[in-house]
Amino acid sequence: MTTKLYENTVFLEHGVPEGHPERPDRLKALNLALEHPNFADLERVEAPIGDEDLVLLAHAEDHLRGVKRGIPDEDINQLEADTYATPQSLVAALTGIGGAVAAVDAVFKGEADNAFIAARPPGHHAEKNKVMGFCFFNNVAIAARYAQRAHGAERVAIVDWDVHHGNGTQDIFWDDPSVLFCSTHQIPLYPGTGAKDETGVRNNIVNAPLSPNSGSEHFRDAFRTRVLPALENFRPDLLLISAGFDAHHRDPLAQINLVGEDFDWATGRLIDIAGRSAGNRIVSLLEGGYDLQGLAESAGLHILRLMRG
């Protein structure tokens, strides 16, 4: 497999208050893991800044204007309960989008089989018109819309295994049968959405909630019984992953007890799906993961499996 990793130093310049879990050290920990010889063949690419018009693929224009108004000239500004902006935050968020659409281009042009975008801030909590949960813009939703517009993708699947439900992605695609959204996540937990009976207007939403203190067996069972059958039936042209690693047992923000090998296993199952219907095309975007050791281990195994197939 040919795997591209999209990164940019601007992602380190998006600032947060002292003690905030979504901190630049997350990417520094991942970069240390990627120094291992296993990643010698990983193609590392500088993510380009995305055009502001790309935001409008998934968000209202008022949302973009509101985010821009919230970017301070100096210091730090609180946009909502736990989402903060510093002077470089808009550039970082747009570069996350730029990396995502560049990755979509790469897999559709045959320049890579799959790709991983090591960006922050994350995106899956951002709704059509709401900044939320550390997220400014919904990168994975924008990538899906871009694949449809630029490459004629008819069926895009998004799998979200972040421990927090991707409410923003669900909001954006609630009534769109061309996009399948599948999510495993803990309930009860922030943001309070993601029940099994939330299926979308066109039954294109598949939620597989996990109870607190669930472990590998429960996660893999949810994948086998709910996520994988839905993907098989949908036969996506492109598979996108909202790759949060906060369901790791070390993570401080939730109570799911996964280990790195669970993310490796899930990645392998999704590679199988993509090989059957999507020409191997997978684009994975970093979401959560707040214990540095757990994040580095899990994301490293995820990327390694993307490289090896």
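Which element gives the largest share of the lining of the largest pocket? In this predicted model, that element is α1, which supplies three residues.

**The largest pocket**

The largest pocket has a volume of about 150 Å³. Its lining consists of Leu-5, Glu-7, Asn-8, Thr-9, Phe-11, Leu-12, Leu-27, Leu-30, Asn-31, Leu-34 and Ala-118. Two or more of these lining residues come from each of β1 (3-7) and α1 (25-33). By class, seven residues of this lining are nonpolar, three are polar and one is charged.

Rolling a probe the size of a water molecule over the atoms shows where empty space is left. Over the whole structure, the search finds four cavities of 30 Å³ or more. The volume of the largest cavity is about 50 Å³. Around the largest cavity stand Gly-96, Ile-117, Ala-119, Pro-121, Gly-123, Asn-139, Leu-285, Leu-286 and Glu-287 as lining residues. This lining is made up of five nonpolar residues, three polar residues and one charged residue.

The table sets out the volumes of the two spaces.

| Space | Volume |
|---|---|
| Largest pocket | about 150 Å³ |
| Largest cavity | about 50 Å³ |

Strand β7 spans residues 179-186 and is mostly covered, with eight of its eight residues buried. In a regular strand the side chains alternate between the two faces of the sheet. In β7, Val-179, Phe-181, Ser-183 and His-185 point one way, whereas Leu-180, Cys-182, Thr-184 and Gln-186 point the other way. The residues of both sets are buried.

Which strands pair with β7? One of them is β6 (residues 156-160), which runs parallel to β7 and is joined to it by five bridges. Within this pairing, Ala-157 stands opposite Leu-180 of β7; Leu-180 belongs to the set that includes Cys-182, Thr-184 and Gln-186.

His-185 points the way taken by Val-179, Phe-181 and Ser-183, and is buried.

Methods: Residues are numbered from 1 along each chain as its sequence is written. This is a predicted model: local features need pLDDT of at least 70, side-chain atom pairs count only at pLDDT 80 or more; totals for chains, interfaces and linings use all residues. Side-chain values use heavy atoms; hydrogens and water are left out. On a 1 Å grid over the protein atoms alone, a cavity is a set of points where a 1.4 Å probe fits but cannot get out, and a pocket is an open set with protein on both sides within 12 Å along at least five of seven lines; lining residues have an atom within 4 Å of a point. Grid points are joined across faces, edges and corners, and a volume is the space filled by probe spheres set on the points. Ala, Val, Leu, Ile, Met, Phe, Trp, Tyr, Cys and Pro count as nonpolar, Asp, Glu, Lys and Arg as charged, and the others, Gly among them, as polar. Buried means under 20% relative accessible area, exposed over 50%, partly exposed in between (1.4 Å probe, protein chains only). Helices (H or I, at least four residues) and strands (E, at least two) are DSSP runs, numbered from the N terminus. Two strands pair if DSSP finds at least two bridges between them.
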